[in-house]
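Dear colleague,

Please find below the structure that I am handing over to you. My notes on it follow directly after.

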Amino acid sequence: MNREYHKWYSPALGRDMELLLFGHSGAPVLVFPTSMGRFYENEDRGVVGALADKIEAGHIQLYCVDSVDSESWYNKGAHPYWRVRRHLDYDNYLYHEVLALIANRNSNGYLISTGSSFGATQAVNFAFRHPGRVHKVVALSGRYNMNVYLDGYHDENVYYNSPLDYIGNMGEGDFKYQLQQQQINLVTGTQDLPICLNETRQLHEVLNSKGVGNNLAVWDGFGHDWPFWIQQVRDYI
């Protein structure tokens with residue numbers, strides 16, 4: 001399997017960022033780590049291995065990105081305003097730098113975003129904020145109300161990074177049309193963390209209420225852990 005390590009100074013974030021690339025062709029998959037996880041987490045935890053046959057066959061190509069969660073959503077030492085601003089820096093890094101790398105290395109054009117736990121949160125938010133660029137989402141055990149991370153603070157930037165908020169108030173127009181073109185998979189389980197199970201169902205219902213098709217999969221006996229996410233990622237990627 002082709003495996004590449006990439007590192008560069010990110011203008012958006014003002015520091016070096018790293019990622020791992022797996023595969024030689026196929027649909028590019030933007031893979032987010034869990035809460036404050038690193039770019040090598042999905043390889044270490046077995047996600048890359050679980051998809052090895054699809055990668056080697058040239059069906060998909062993984063781009064496993066790093067996080068800045070400890071500088072943004074989880075940075076309790078910073079005012080919530082700056083936590084959200086740091087996330088916007090991260091969004092700019094992904095959109096302007098990582099997507100540029102993908103375009104340079106892969107001409108497929110059909111982009112998938114995925115992640116587990118907080119990685120699912122990131123995968124959904126990035127896909128929904130940029131529906132013209134992301135075509136499929138596979139979100140495993142995510143949360144979609146970002147207000148809970150910010151000690152009651154709320155502003156426009158919080159609103160537009162909290163999917164339950166901005167999807168819930170979405171009107172007609174190009175944004176809705178682009179979302180309707182996405183293949184959205186929201187995956188959780190009967191024994192997932194209650195907050196993840198509840199918010200996954202809420203997002204499913206909100207999308208349905210807005211006329212945006214999506215697939216809700218609630219697995220019987222599912223737990224909030226890697227063995228289950230590995231099993232699911234094979235089914236939905």
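Is Y149 buried or exposed? Y149 is buried, as its relative accessible area is 10% (buried means under 20% relative accessible area, exposed over 50%, partly exposed in between, with a 1.4 Å probe and protein chains only). Please note that this is a predicted model, in which local features need pLDDT of at least 70 and side-chain atom pairs count only at pLDDT 80 or more, while totals for chains, interfaces and linings use all residues. Residues are numbered from 1 along each chain as its sequence is written, and side-chain values use heavy atoms, with hydrogens and water left out.

Aromatic contacts

There are 13 aromatic pairs, where rings of Phe, Tyr and Trp (its six-membered ring) pair if their centres lie within 6.5 Å, with planes under 30 degrees apart counted as stacked, over 60 as edge-to-face and the rest as tilted. Y74 and Y149 form an edge-to-face pair, because their ring centres are 5.5 Å apart and their planes stand at 65°. This pair links distant parts of the chain, 75 residues apart: Y74 is in the loop between strand 4 (60–65) and helix 4, and Y149 in the loop between strand 6 (136–140) and helix 6 (156–159). Helices (H or I, at least four residues) and strands (E, at least two) are DSSP runs, numbered from the N terminus. Y74 is partly exposed, at 25% relative accessibility. Together with W73 and F118, Y74 and Y149 form one aromatic cluster.

The charged end of R133 sits over the ring of Y95, 5.3 Å from its centre (the criterion is NZ of Lys or CZ of Arg within 6 Å of the ring centre and within 35 degrees of the ring normal).

Helix 4

Helix 4 comprises residues 80–105. A kink of about 30° is centred on L94, the bend being the angle between axes fitted to the seven residues ending at a residue and the seven starting there.

Loop residues with positive phi

Two residues deserve mention here. S117, in the loop between strand 5 and helix 5 (118–129), has a positive phi of about 60° although it is not a glycine. S117 counts as buried, at 14% relative accessibility. D151 lies in the loop between strand 6 and helix 6, and its phi is likewise positive, near 55°, in a residue other than glycine. D151 counts as exposed, at 56% relative accessibility.

Yours sincerely

Definitions and conventions. The expected span of a helix is 1.5 Å times one less than its number of residues.
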